[in-house]
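Let us walk through this chain together, starting with the overall fold and then moving to a few strands and turns. Keep the viewer open as you read.

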Amino acid sequence: MLKQLAVLTGTMVLFFATIVGATKPAPLMYVANEGDHNVMVVNLHTEEVIAQIPTGNAPHAIVFADSKAYVNNRGSDFLTVIDTETLKVDKEIPLQATSFQLALSPDGKTIAVSYKNALMVSLVDVVSDTVSTLELGEEPSGGFPEKPMKHPYWSKDGKYLYVQNNIDDILIKIDIDTFTIAAEICMPGSNHDLVPSANGKILYAVNQNTATGTSLTIIDAGYNSIIKDIEIPLLPGEEGFGHHGDLTQNGKTFYFCNEGGYSVTLVDTATLEVRKSIEVGYGAGHPVFSQDNSKVFVIPHKDNILSVIDSQSEEVIEDIEAGVGNKIAHSSYISNDGKYLYVVNVYDQDIVKIDTKTLEVISTIAIGQKALAFAVTTSQQ
């Protein structure tokens, strides 16, 4: 009897384990295909496309909130809202202009919208999907000479939102409670992105263009003042066009990517001085840190060479040929176990899966045209 009970118990445990394994959420990658005007959903466990969802023209940024995926369309004046359970379009949210980027608030309740053809910012309530808009400036008489805004950034406590006025080279700080301008910070040029220190008291502003090329501006978030503007040195043949950057896990070094060339510049955050520049793939766009912070993968926007930097030696240890086409997309994703890095080769129209230990491409997944951004979530699919 005891033997039979042991066998039965073992069978039940095996059955339970099987059920748990079968229902374990799979990571789903939502790929915005700007050329096909749709979002493609890919199961990263099976590497299969499970849905193709029509959107507005040129879908780009995607954020997840309240069981919905919000997609900004850079060719239509509305956001596309996708139900993440049915994988179908739930609704379209009208906007007053064409959006450029999205950013989700720390509490996950509000989405900030910046624009490509207007100086305004909108807040979308993810429960009601209602939109509030704040005018920040008028369009110049001759039209905008460049996109006036780039990435919006939320303070870590969610009390403030930062957006750019790149026509007048001003960084605007907005009080969320009153939805009014709290401060304006005069910048040395046009800004692309902000990166906070661990405590959020210091902001590292990656500037696109300045009078001398490009720079990293260090901002005191409490006093709304510039601590120092650090000129980024240019290597032979480079132009200054700062894109994105990030801090090492210990906060001691800032990696600045110059999309106008082929370098990543390392800035010491204690001395606020440039320590060195490292040659990488052309059009350096985004630094991506491995989970253990031992490697930095540099995403190039004008090349197929994904450079890997050892964070200790601060030297390139591998150049990974991620396909043939000479553009890798803005987004990247490292799996929860840290084993794989996913990027998109835009011209090859595929997702590239890279082993973070061997630094080799191990598979590719076909996607649509001009996929410049993606986002990853989990589902019971």
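Throughout, helices (H or I, at least four residues) and strands (E, at least two) are DSSP runs, numbered from the N terminus. What you see is a predicted model, where local features need pLDDT of at least 70, side-chain atom pairs count only at pLDDT 80 or more, and totals for chains, interfaces and linings use all residues. Residues are numbered from 1 along each chain as its sequence is written, and side-chain values use heavy atoms, with hydrogens and water left out.

Start with the whole chain. It holds one helix and 32 strands. Its radius of gyration is 22 Å, close to the 21 Å that the globule rule gives for 381 residues, so the chain is as compact as a globular protein of that length. Here the radius is taken over C-alpha atoms, and the globule rule is 2.2 Å times the number of residues to the power 0.38. Along the principal axes, the C-alpha trace spans about 85 × 50 × 40 Å.

Next, consider cover and surface. Of the 381 residues, 55% count as buried; buried means under 20% relative accessible area, exposed over 50%, and partly exposed in between (1.4 Å probe, protein chains only). The chain exposes about 16,800 Å², and carbon and sulfur atoms supply 50% of that area. These areas come from the Shrake-Rupley method with a 1.4 Å probe; for residues, only the protein chains shown count as cover. Among contacts with a separation of 6 or more, 41% are between residues 24 or more positions apart, where contact means heavy atoms within 4.5 Å.

The chain has 25 positive and 47 negative charges, and their mean positions are 7 Å apart. Lys and Arg count as positive and Asp and Glu as negative, while His and the chain ends are not counted. Each charge is placed at NZ of Lys, CZ of Arg, CG of Asp or CD of Glu.

Now go to strand S2, residues 38–43, where six of the six residues are buried. In a regular strand the side chains alternate between the two faces of the sheet. In S2, Asn38, Met40 and Val42 point one way and Val39, Val41 and Asn43 the other way, and all are buried.

S2 has partners on both sides of the sequence. Strand S1 (residues 26–33) pairs with S2 in the antiparallel sense over six bridges; two strands pair if DSSP finds at least two bridges between them. Six bridges also join S2 to strand S3 (residues 48–54), again antiparallel. Val39 is a handy landmark: its bridge partners are Ala32 and, in S3, Ile53. The hairpin of S1 and S2 has four residues between the strands, with His37 at a positive phi near 55°. The hairpin of S2 and S3 also has four residues between its strands, and Glu47 in the turn has a positive phi of about 60°.

Further along, strand S10 (residues 120–125) and strand S11 (residues 131–135) pair in the antiparallel sense over five bridges. Leu123 has Ser132 in S11 as its bridge partner. Five residues lie between these two strands in their hairpin, where Asp129 takes a positive phi near 60°.

Although not a glycine, Glu314 has a positive phi of about 55°. With a relative accessible area of 13%, Glu314 is buried.

Four strands form an open antiparallel sheet in the order S28-S29-S30-S31. Its edge strands are S28 (333–334) and S31 (360–366), each pairing on one side only. Two bridges join S28 to strand S29 (residues 340–345), and Tyr333 stands opposite Tyr342 in S29.

Finish in strand S32 (residues 371–379), the place of Thr377. Thr377 is partly exposed, with a relative accessible area of 21%. Leaving aside residues up to four places away in sequence, Thr377 touches Ala26, Pro27, Leu28, Tyr30 and Phe64.
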